[in-house]
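Work through the exercises below with the sequence and the model open beside you, and compare each of your steps with the solution that follows it.

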Amino acid sequence: MYPMSSRTRPSRAESPFDLKAQAAYVAWREHKLANHPASSTELMVEIADGRAPSEAEVAAIGRALSRANVAFYRLKSPRPGDKAMLRALGRRLGLERLDNNLCADGDGISSLSVVEKRAPGEYIPYTNRPLNWHTDGYYNAPDEQIRGVILHCVRPAAEGGGNAFMDHEIAYILLRDANPDYIRALMAPDAMSIPPNVQDGVEIRARRTGPVFSVDAGGRLHMRYSARARNIEWKADSTTQAAAEYLLSLFQQDSPYIFRHRLEAGEGVISNNALHCRSGFSHQNGETSRLLYRARYFDRVMIPETGAGEPHVVS
Ligand SMILES: [Fe+2]
């Protein structure tokens, strides 16, 4: 068992994400804030063998995820180019169904590196420019939402390329504390639309409309978001617009809830698709250029408890 009180596990009957269930929200909120990490180092787990992590290592990943929806790992003896490690590690954590998005390699895992001479409208992950706050796959279809992500660093940039994270459950708390109507607006099924992706007159992806916050079948909070204004059309309603502005403001000031980490070679991050961004970085072609592997899953991290019993979904 992981050392979690029942308050970290929202019950379906009394969901803290239900605006009518104030007592459940208050209890969950208090526990969440009390356990928030002061820095990324509290979320770091050393792993001896990424292809076969031990039960203790998996449990430590589970504890980090339960606190912040983010866990960092550091392989003791990384092997460059080891995508099989990433796949095996994901499977050990219940991450199975990969999103074979437009940019994934044939194995469903994307190699994030700077790609020269991309067409206009290029995807920023493949440049060295800063990447604004977002959750992954916010433009995906409703039944293909990204719930789990692993990012593994093969080679860092010479300079820059650090990530910052904010637990999307913390963003929910900050919004709800400011004004519960913000939550009501952002849970509306027409809160946020992403224009279609059209290239050379061909529609590659249809327009997507959906909520920012939703609750999955297991009672867990999910978030779709991008701070890039040109990517998003907000519902033309004053409360939605105010909620979007407030959400954006969370990233434009210093915050005890933003934690930063630059992945070094052999390090990675496992996330229940928490909010994140990336700074720009230096780039030189060739063997020294930054390279990260990214696996995006339709699954959320699910770690079976040791012994008999129901699988334990890490919150
Ligand atoms: Fe991302």
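Two strands count as paired if DSSP finds at least two bridges between them. Strands (E, at least two residues) and helices (H or I, at least four) are DSSP runs, numbered from the N terminus. The model is a predicted one, in which local features need pLDDT of at least 70 and side-chain atom pairs count only at pLDDT 80 or more, while totals for chains, interfaces and linings use all residues. Residue numbers start from 1 along each chain as its sequence is written.

**Exercise 1.** Determine the strand order of the open sheet of 4 strands, and state which strands form its edges.

Solution. Begin with strand S6 (residues 163-166), which is joined to S14 by 3 bridges in an antiparallel arrangement; here Asn 163 has His 261 of S14 as its bridge partner. Next, follow S6 to strand S16 (residues 275-278), where 4 bridges join two strands that again run antiparallel, and where Phe 165 stands opposite His 276. Then go from S16 to strand S4 (residues 131-134), an antiparallel pair joined by 2 bridges, in which His 276 is the bridge partner of His 134. The order is accordingly S4-S16-S6-S14, with antiparallel pairing, and the edge strands, each pairing on one side only, are S4 and S14 (259-261). From one strand to the next the twist averages 15°, an angle taken between N-to-C directions on a scale from 0 to 180 degrees, with axes as lines fitted to C-alpha atoms, for helices over the stretch in contact.

**Exercise 2.** Decide how many residues of helix H4 (residues 168-178) are buried, where buried means that 20 or more other C-beta atoms, placed from the backbone, lie within 10 Å of a residue's own.

Solution. Counting along the helix gives 8 buried residues of 11, and H4 is thus mostly covered. The buried residues are His 168, Glu 169, Ile 170, Ala 171, Tyr 172, Ile 173, Leu 175 and Arg 176.

**Exercise 3.** Describe how H4 packs against helix H6 (residues 238-249), and classify the residues that meet.

Solution. The axes of H4 and H6 lie 10 Å apart, at an angle of about 130°. That angle makes H4 oblique to H6, since angles under 35 degrees count as roughly parallel, over 145 as roughly antiparallel, 65 to 115 as roughly perpendicular and the rest as oblique. For the contact, taken as C-beta atoms placed from the backbone lying within 7 Å, Ala 171, Leu 175 and Ala 178 in H4 meet Ala 243, Tyr 246 and Leu 247 in H6. By class, this contact has 6 nonpolar, no polar and no charged residues, where Ala, Val, Leu, Ile, Met, Phe, Trp, Tyr, Cys and Pro count as nonpolar, Asp, Glu, Lys and Arg as charged, and the others, Gly among them, as polar.

Methods:
Buried ≥ 20, exposed ≤ 12 C-beta atoms within 10 Å, placed from the backbone. Contact = placed C-beta atoms within 7 Å.
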